[in-house]
Amino acid sequence: MARSAAAGQPDAEIATRLFVTTSTVEFHFSRVFRKLEPTSRRQLGRSGTGGSIA
């Protein structure tokens, strides 16, 4: 999920690829952003933990 976001894929594309709803993707991103405090989706994808998130 983090790699897809860092690559610029919109939430709807990520949701389709993972067979979940867009709101599920948005929910998980909000949780990850709150916990890891990245400044952008690109930074999330480059972080050491970002690669291991789904």
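**View 1. Ser 4 in helix 1 of the predicted model.** Ser 4 sits in helix 1, which spans residues 2-6. The model is a predicted one. Ser 4 has a relative accessibility of 9%, so the residue counts as buried. The cut-off for that class is under 20%. Neighbours within four places in sequence are set aside here; beyond them, Ser 4 contacts Gln 9, Ile 14 and Arg 17.

**View 2. The packing of helix 2 against helix 3.** Helix 2 covers residues 11-18 and helix 3 covers residues 22-36. The two pack at an angle of about 110°. Their axes lie 8 Å apart. Angles of 65 to 115 degrees count as roughly perpendicular, and helix 2 is therefore roughly perpendicular to helix 3. From helix 2, the contact uses Asp 11, Ala 12, Ile 14 and Ala 15. From helix 3, it uses Thr 22, Val 25, Glu 26 and Phe 29. By class, the residues of this contact are five nonpolar, two charged and one polar.

**View 3. Asp 11 in helix 2.** Asp 11 belongs to helix 2. Its relative accessibility is 16%, so Asp 11 counts as buried.

**View 4. Thr 21 in the loop between helix 2 and helix 3.** Thr 21 is placed in the loop that lies between these two helices. At 44% relative accessibility, Thr 21 counts as partly exposed. The side chains of Thr 21 and Ser 23 are joined by a polar contact of 3.3 Å. Thr 21 and Asp 11 are ten residues apart along the chain. Their C-alpha atoms are separated by 9.0 Å.

**View 5. The largest nonpolar core.** Nine residues make up this core. They are Met 1, Ala 2, Ala 5, Ile 14, Ala 15, Val 25, Phe 29, Val 32 and Leu 44. At least two residues come from each of helix 1, helix 2 and helix 3. Helix 3 gives the most, with three residues. In soluble globular proteins, nonpolar side chains tend to be buried together.

Notes:
Residues are numbered from 1 along each chain as its sequence is written. This is a predicted model: local features need pLDDT of at least 70, side-chain atom pairs count only at pLDDT 80 or more; totals for chains, interfaces and linings use all residues. Side-chain values use heavy atoms; hydrogens and water are left out. Axes are lines fitted to C-alpha atoms, for helices over the stretch in contact, and angles run from 0 to 180 degrees between N-to-C directions. Helices (H or I, at least four residues) and strands (E, at least two) are DSSP runs, numbered from the N terminus. Angles under 35 degrees count as roughly parallel, over 145 as roughly antiparallel, 65 to 115 as roughly perpendicular and the rest as oblique. Contact means heavy atoms within 4.5 Å. Ala, Val, Leu, Ile, Met, Phe, Trp, Tyr, Cys and Pro count as nonpolar, Asp, Glu, Lys and Arg as charged, and the others, Gly among them, as polar. Buried means under 20% relative accessible area, exposed over 50%, partly exposed in between (1.4 Å probe, protein chains only). A nonpolar core is a set of buried Ala, Val, Leu, Ile, Met, Phe, Trp, Tyr and Cys residues joined through side-chain atoms within 4.5 Å. A polar contact is a pair of N or O atoms within 3.5 Å; within protein, one must be able to donate a hydrogen and the other to accept it, and residues adjacent in sequence count only if both atoms are side-chain atoms.
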